[in-house]
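Reader: I would like to go through this model one feature at a time. Please define each term when it comes up.

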Amino acid sequence: MASNRSVRRAQEPVTYTCALCDSEDGVRWYCNDCQENLCDRCKETHTRGRKTKNDDVVSIGKANRQGDKPVPEVCKLHPGKLCDMFCSDCNELICSICLSKNHKQHNWKPFEDELSVKKEHFKEHMTTLADKIANFKTETSKRHCVNKTFKDNIDTTRREVNSQRTKLKAEVDYIAEAVLAELASLEKEESLLYKKDIQRSEKNVEELTRLLEQAEMTDTSSVSIFETEMSLRKTLPLYDVKMKHVSPKQPSFVLGNINRILLTKMLGELHHGDQYEKTDIDSKHVQRLSKFTVSQQNQILDISPVDDSHAWLSIHEYQVLVLVNSEAVAKETVKLDFCPHKTNIVGTKAILMTIDPFSTFVYKLSLHNKQVTTFADIRPHKAYDISINERDEVFVNTNTAVIVVLNQTGTIVRKVTCGMKAWCITCLSSGDIAVSDYDNVSIITDRSGTTKYKWSGELNNGQQVGSRDIRNMSRDKYDRLFVPDYTNNQVYVLPRDSTQATCLLDQKRGVTKPTSVGVDTCGNVWIGCEDGTVHVMRL
């Protein structure tokens, strides 16, 4: 709280004398050209004078005094009173009436004392601005270098591919094209990431430079420094210079020995880093990135992530597919003539769908023209869940022991028997298939349908999950299977070749009745729930 002396000093009215008539009444004006105070009457005379009619006459609170102390502004609540005190508790300028009415028990200091503090803070902000701009420019320069190295590496790898390709017979051309397409995909992916990184850095530099220019124009001897300093205090922390760009992992091309039997290895295999590193599952370290509820507030039947920030949702009893971002903004809505149930994205061009109520048809939505066509008719079976393997074969489970396998034209190429009444299905990169009824998960081989092992609720801490209600599963790049359990408000993570699962969630995560799960390109886990809520979790 301010001392009695400070309060008395603050309550002393600030008076001005008219430079023309020596009056102290109505002195509310200041001529910046003559550097003189003016009362109301003399102001009128001054503005009509032959030599002074074009002078810059302003209210006394906006005076631009040469070599003088800044003048407090006139109180907006109490006209005629100057805000010559600063309330530290409320962080605002006040007049003597404000003090007596609303701030009497607060901590105060004279206007001039706080002004010097603000000036020091202003200098610190200016230094911080310059440092942040320099940091962003440095990061931008580094990112340019990384991109050049990446492109050089792509070019080198492409030459190796084409050199090896000339040694092979015509039978391997399609393999070479597949590898080159993968390289092109990596290049495109890096190009997009590079563009995004550069745009973000350049935007930060542009915005901070604009702030710097605005700040440099601020008159540090006027009251405007308060507003500018407060704005900088709120804005500067938004620009985090510690955030680093994610550098792409360089691909390498491993040459193989020419062998007519193994055509794929004859050309070579492309090795490149995943977009995210494998993280051990620990429910205590799981971080919720976002949480939102779709407007329909109905059960999320399926989630199909597109990238690290967007996913397609199918919603119970709604004839739409919705593309949302992780901030709950609906980016696109596709109206359908049926209610979609389970979905699976085919590259970047289409989405395959089963429907609710279940039928014998699998439908295909073109993402180019939003047209829906019939992809396959698997009668006499009905299509429930759907998954695509590494060879682009489409696996459709039928809520029976039979799994129907389709090629990319929708033709049935074979059927696999899985040994259980399969409700959900997920193809693994290993070539195996994960299927589940409501209680168990079985890992079966693709061709024979032989069960390799079964998970029946065993956890890695030695406990056993009791009654379960398993819903739509998903996997990450490491073939870890994410299994939502509607009954126990949990998502289990089943590692590859393991019969013991880890719990992804602890009680504080607030996930209730999960019904679907999807893993995006950064390894983040999207969890859809019964009430239409979606949680996006980072491992």
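Author: Buried means under 20% relative accessible area, exposed means over 50%, and partly exposed lies in between (1.4 Å probe, protein chains only). This is a predicted model, in which local features need pLDDT of at least 70 and side-chain atom pairs count only at pLDDT 80 or more, while totals for chains, interfaces and linings use all residues. Residues are numbered from 1 along each chain as its sequence is written, and side-chain values use heavy atoms, with hydrogens and water left out.

Reader: Is Cys 31 buried or exposed?
Author: The cut-off for buried is under 20% relative accessible area. Cys 31 has 0% relative accessibility, so Cys 31 counts as buried.

Reader: How many disulfides does the structure hold?
Author: A disulfide is a covalent bond between the sulfur atoms of two cysteines. Here a pair of cysteine sulfur atoms must lie within 2.5 Å to count. For Cys 31 the nearest cysteine sulfur, that of Cys 34, is 3.6 Å away, and Cys 31 is in no disulfide. The number of disulfides in the structure is zero.

Reader: Which cysteine has the sulfur nearest to that of Cys 39?
Author: Cys 39 is at 4% relative accessibility and therefore counts as buried. Cys 39 is in no disulfide, and the nearest cysteine sulfur, 3.6 Å away, is that of Cys 42.

Reader: Which residues does the "domain: B box-type" annotation cover?
Author: The annotation comes from an unreviewed UniProt entry. UniProt positions are given in the numbering used here, feature names are shortened, and annotations may be inferred rather than shown by experiment. In the model, the end C-alpha atoms lie 11 Å apart for residues 18-60 and 13 Å apart for residues 74-111. The record's annotation covers residues 18-60 and 74-111.

Reader: Where is Gln 35, and what is its phi?
Author: Helices (H or I, at least four residues) and strands (E, at least two) are DSSP runs, numbered from the N terminus. Gln 35 is in the loop between β1 (27-31) and β2 (36-39), and at 27% relative accessibility it counts as partly exposed. Most residues other than glycine have a negative phi. Gln 35 is not a glycine, yet its phi is positive, at about 55°.

Reader: Which backbone oxygen does the side chain of Thr 235 reach?
Author: Thr 235 is in helix α6 (residues 224-235), and at 19% relative accessibility it counts as buried. The side chain of Thr 235 reaches, at 2.8 Å, the backbone oxygen of Ser 231.

Reader: Which strands stand at the edges of the open sheet of four strands?
Author: Two strands pair if DSSP finds at least two bridges between them. The sheet has the order β9-β32-β31-β30, with antiparallel pairing. Each edge strand has a single partner strand, so one side of each is left without a neighbour in the sheet; these are β9 (287-293) and β30 (514-519).

Reader: Which residue in β32 is the bridge partner of Gly 528?
Author: Strand β31 (residues 525-529) is joined to strand β32 (residues 533-538) by four bridges, and the two run antiparallel. The bridge partner of Gly 528 in β32 is Val 534.

Reader: What is omega for the peptide bond from Asp 356 to Pro 357?
Author: Most peptide bonds are trans. Pro 357 is in the loop between β15 (350-356) and β16 (361-366). The bond from Asp 356 to Pro 357 is cis, with omega near 5°.

Note on methods. Polar contact = N/O pair within 3.5 Å; in protein donor to acceptor, adjacent residues only side chain to side chain.
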